[in-house]
Amino acid sequence: MRRLAPRSAALSIARGVFQGAFFGVIAGTTLAGPLGLPAWLVPPLAPVGALAIGGFAVARYYRFRYEIEGDTLRVESGVFARQSREIPLGRIQNVDSTQGVLNRLLGLSVVAIETAGGSATEATLDAVDPAEADRLRRLVQRYGERDEATESESDIGEADERLAAGEDSESGEHRERSAEQLFAFGLRDLLTYALVSVRPAALVFLVAGLPLGINVVRRVVRFNLGLLGSDAPGAVAALDTLGPPRLVGLAALLALQITVAAVGVSIVLTIVEYHGFTLVREGDDLRYQRGLVRRYSGTIPLSKVQTVTVRENVLMRRFGFATLVVETAGYSGGSQQSTQGVAVPMAPRETVYDLARDIEPFETVSLQRPPKRARRRYAARFAIIAGVLTAAAYAVDTFLLSSGYWWLALGLFAVVPPAAHLRWRHRGYALAADVFVTRSGFWRRTTSVVPYYRIQTVFVGRSPFQRRRRLASLTADTASSASLLGGSATAHDIDEEAASELRDTLRERLYSDLLARKSDSASAHE
């Protein structure tokens with residue numbers, strides 16, 4: 001059996017020595033007082049901790065072994081509790097590799113083996129040479145293509161033996177010809193995507209970093225107070241001198257500055273994550289690479305695609321762009337990151353739909369919107385929200401601010417009719433020849449394309465409010481991880497009788513599609 005790259009052992013040992021020495025000193029300093037230990041005993045704990053953690057890293061390296069034997073990936077690991085896992089190659093969805101800064105300097109890749117059992121990683125090889133990562137990927141890819149391969153079984157077996165031995169079954173020139181580049185990010189494309197994409201994680205990252213930049217925050221607050229005409233030295237004292245109207249202005253100014261800062265952080269995060277993005281097609285797999293600091297490389301097997309999704313936020317729709325997301329069984333293309341199966345981060349809308357049809361063929365469809373009584377339901381819901389916010393504004397102004405401007409919140413009711421109409425307008429569904437299509441969302445419109453033969457469950461849900469208006473929502477569940485997170489293709493607020501008929505139609509098409517594919521597969525093997 002094979003071991004990880006020796007350089008990875010050196011990196012793990014160095015990391016373990018540093019961590020052991022650090023925790024040894026911290027533990028000795030913390031316990032010296034309560035236990036009454038003399039101060040001279042604390043420094044020797046550093047080499048003791050370094051020896052313990054470094055020795056454990058050595059043992060873990062020698063205990064970790066792996067190999068592909070026949071149609072199974074076997075992994076043995078564990079120092080005290082030994083583990084032996086056998087992963088059938090047929091269950092492997094993706095072989096993804098990651099290179100951090102140190103790994104890139106040392107020429108190493110961390111390989112994650114993902115299966116159809118869920119979003120968790122089944123096995124991680126930390127770390128191997130990039131050539132070894134590519135060998136594992138091609139072995140899994142060849143196994144997945146075996147049923148549809150045109151070469152003979154003996155040729156496949158010889159190629160597998162050469163790959164398993166670490167030899168190239170194909171020349172580099174042939175692999176380069178067989179890999180078709182589908183999409184690549186130029187610098188202009190990357191900057192455009194950074195400007196029009198919205199990353200909620202940016203606001204979280206900004207808020208988490210505020211304690212580190214507390215001095216900057218204080219300067220910004222003092223600058224804002226100066227703009228509002230306050231020359232009090234302390235922030236708390238200045239708030240007392242502002243008065244209610246200028247307090248509202250201060251809150252609005254701070255909200256604007258936080259928004260601008262979050263947009264800046266979002267742009268930086270997007271550039272770091274998607275720098276150098278490329279998408280190529282190798283046989284029946286899509287392979288992507290991206291990342292500026294950490295380099296990611298992964299595969300999306302087309303034969304295991306469950307759902308194809310097109311996403312467009314408001315800015316993207318305005319400029320004619322869209323995002324393509326491809327999800328396989330129990331996996332979302334690197335769910336440990338924020339991409340959630342992104343195959344193309346951003347491209348012209350027509351290009352995205354062409355790529356989507358190349359992955360899962362479907363014709364142009366005309367979506368059927370929910371009945372108009374659903375729009376009245378949305379208006380009632382938004383009116384309730386506006387009423388609650390108005391009541392909250394009245395309470396805050398009455399008991400805290402006493403500005404008399406609470407009535408400005410009544411303007412929210414003017415937004416209710418257009419908001420209800422936009423939600424209704426951007427929802428719909430369609431039945432095509434081979435796929436079920438749903439759409440929802442205004443700020444981020446999501447169009448999901450589900451092949452009939454990939455549907456696992458079809459169910460109809462009716463809330464008490466939907467039953468009052470004779471509405472229902474139909475969900476076509478698949479085996480993708482998005483379904484586990486509530487992201488299944490759903491036709492929202494359609495007529496309840498139409499939902500029942502649609503459920504029966506989807507079941508019929510599911511069974512007929514499966515029978516047709518089974519018949520085609522049997523004919524191909526004869």
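**Figure 1. Asp-504 in helix α18 of the predicted model.** Asp-504 lies in helix α18, residues 496-525; helices (H or I, at least four residues) and strands (E, at least two) are DSSP runs, numbered from the N terminus. Because its relative accessibility is 36%, Asp-504 counts as partly exposed, where buried means under 20% relative accessible area, exposed over 50%, and partly exposed in between (1.4 Å probe, protein chains only). Val-458 is 46 residues away from Asp-504 in sequence, with 8.9 Å between their C-alpha atoms. This is a predicted model, in which local features need pLDDT of at least 70 and side-chain atom pairs count only at pLDDT 80 or more, whereas totals for chains, interfaces and linings use all residues. Residues are numbered from 1 along each chain as its sequence is written, and side-chain values use heavy atoms, with hydrogens and water left out.

**Figure 2. The open sheet β17-β18-β19.** Three strands form this open sheet in the order β17-β18-β19, with antiparallel pairing; two strands pair if DSSP finds at least two bridges between them. β17 (457-461) and β19 (489-495) stand at the edges with a single partner strand each, so one side of each has no neighbour in the sheet. Neighbouring strands of this sheet are turned by 20 degrees against each other on average, direction ignored. β17 and strand β18 (residues 471-477) run antiparallel and are joined by 5 bridges, and Val-458 stands opposite Ala-476 in β18. Helix α14 packs on the sheet, touching β18 and β19, and its direction makes about 100 degrees with that of β19. Axes are lines fitted to C-alpha atoms, for helices over the stretch in contact, and angles run from 0 to 180 degrees between N-to-C directions.

Figure 3. The buried residues of α14 include Arg-373, Arg-377, Tyr-378, Phe-382 and Asp-397. Among the elements covering the buried residues of α14 are α15, α16 (464-468), β18 and β19, contact meaning heavy atoms within 4.5 Å. Just after α14, Ser-402 takes a positive phi of about 55 degrees.

**Figure 4. The kinked helix α15.** Helix α15 (residues 412-425) has 14 residues that should span 20 Å at 1.5 Å a residue, and its end C-alpha atoms are 20 Å apart, which agrees. A kink of about 25 degrees in α15 is centred on Pro-418, the bend at a residue being the angle between axes fitted to the seven residues ending there and the seven starting there. Val-416, Ala-420 and Trp-424 of α15 are buried, and the buried residues of this helix pack against α14 (372-401).

Figure 5. In strand β13 (residues 342-348), 6 of the 7 residues are buried, so the strand is largely enclosed by the rest of the structure. Strand β12 (residues 321-328) runs antiparallel to β13 and is joined to it by 4 bridges; Leu-324 stands opposite Val-344 in β13. The largest nonpolar core has 37 residues, and Phe-185, Leu-324 and Ile-359 have the most contacts inside it. A nonpolar core is a set of buried Ala, Val, Leu, Ile, Met, Phe, Trp, Tyr and Cys residues joined through side-chain atoms within 4.5 Å.

Notes:
The expected span of a helix is 1.5 Å times one less than its number of residues.
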